[in-house]
Amino acid sequence: MNRNIPGPVGPISAPSFNDRASITEVTLPTLGIPYYLPDKSLLFPSGNIRISAMTVAEEKMMTQKNADPSKKMCQLLARVCELKGMKAENLLVADQFFLLLKVRSLSYGNVYGFQQRCDDCGHQWRHELNLETDLTLNMADEEWQEPFSVDLPVSGKNVKYRLLRAVDEIELNTKKIRRDAPNEDPTFVSILARCIVAVDDQELGSQRIAEAWLEKQAVRDREAITNSLKSNSPGYSGEISIVCPQCGYIHEAAVPMTADFFRSNVSSGTV
């Protein structure tokens with residue numbers, strides 16, 4: 001994938017969507033700004049996109065084992081979202097996560113229950129999360145536009161960066177599998193390096209060069225890039241606070257996106 005900002009992601013085909021059940025319209029956190037046609041018009045005017053509830057076949061697909069979760073999520077969104085011919089892999093991760101939560105709510109209801117164990121007292125309980133009210137949603141404004149820019153406090157260099165797409169996660173997962181050192185976790189550096197477009201207006205050329213450059217930087221500079229990236233990332237934070245009902249210990253965690261997330265019996269508490 002080109003390290004620069006992806007170009008037009010206009011329609012390839014436009015399959016019928018109206019036959020699906022429970023169709024509704026939602027507004028993407030990015031307002032659809034990253035997705036445009038060759039004539040620069042937005043693929044999703046005002047950021048609005050139609051989505052539908054899952055079918056039993058799609059529920060079955062999402063619970064299959066031994067498949068790359070990133071690929072499965074793209075396959076699901078390609079079916080349940082009216083992408084107007086755009087590949088689901090071109091979605092920003094922020095929009096992808098938002099759509100997955102909206103589709104899950106539309107399919108099974110807003111309440112998502114999962115098992116939680118307290119790290120302090122060991123108590124186990126079923127925690128319920130309301131996907132519509134318990135998560136913080138940040139929307140982009142009309143001036144939001146990639147690439148973003150940040151000046152580093154130590155080196156004084158200027159870094160331009162973009163946000164991750166779904167295809168980035170798929171390719172990074174493939175890279176992890178193929179690595180010769182299975183005990184090495186390259187995710188942190190690889191993800192951040194993937195976002196970098198240029199340093200002092202000079203493109204770094206490849207993922208490997210970007211990672212090598214990043215590893216040489218001061219941690220304060222890395223922190224500046226990370227903080228700037230977070231501040232410009234719309235969508236759901238994905239982070240939740242869970243209070244143990246037994247001892248009151250507060251857990252800071254991410255919304256668990258396991259196969260159970262796409263099962264109706266999880267929200268109802270039945271087996």
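Which hand, left or right, does the crossing of H5 and H7 have? I looked this up and noted that the crossing of H5 and H7 is left-handed, where left-handed is the word for a near helix turned anticlockwise from the far one by less than a right angle, and right-handed for clockwise.

Before going on, I wrote down that this is a predicted model, in which local features need pLDDT of at least 70 and side-chain atom pairs count only at pLDDT 80 or more, while totals for chains, interfaces and linings use all residues. Residues are numbered from 1 along each chain as its sequence is written, and side-chain values use heavy atoms, with hydrogens and water left out.

**Entry on the helix pair.** I found that the axes of helix H5 (residues 187-195) and helix H7 (residues 219-231) come within 11 Å and cross at roughly 65°. That makes H5 roughly perpendicular to H7, a term that covers angles of 65 to 115 degrees. I then listed the contact (heavy atoms within 4.5 Å), which is made by Phe188, Leu192 and Cys195 of H5 and by Arg222, Ile225, Thr226 and Leu229 of H7. Sorted by class, this contact of H5 with H7 has 5 nonpolar, 1 polar and 1 charged residues.

**Entry on the core.** Of its 69 residues, Tyr35, Cys81, Leu99 and Trp213 touch the most other members. Helix H3 (residues 93-108) gives the largest share of this core, 7 residues.

**Entry on the backbone.** I noted a cis peptide bond that joins glutamate 146 and proline 147, with omega about -5°. Proline 147 is found in the loop between strand S5 (137-138) and strand S6 (148-151); strands here are DSSP runs of E with at least two residues, and helices are runs of H or I with at least four.

I also checked phi, and for serine 22, in the segment before strand S1 (24-27), phi is near 55°, a positive value in a residue other than glycine. Aspartate 201 is exposed (over 50%), with a relative accessible area of 57%.

Key
Axes are lines fitted to C-alpha atoms, for helices over the stretch in contact, and angles run from 0 to 180 degrees between N-to-C directions. Angles under 35 degrees count as roughly parallel, over 145 as roughly antiparallel, 65 to 115 as roughly perpendicular and the rest as oblique. Ala, Val, Leu, Ile, Met, Phe, Trp, Tyr, Cys and Pro count as nonpolar, Asp, Glu, Lys and Arg as charged, and the others, Gly among them, as polar. Buried means under 20% relative accessible area, exposed over 50%, partly exposed in between (1.4 Å probe, protein chains only). A nonpolar core is a set of buried Ala, Val, Leu, Ile, Met, Phe, Trp, Tyr and Cys residues joined through side-chain atoms within 4.5 Å.
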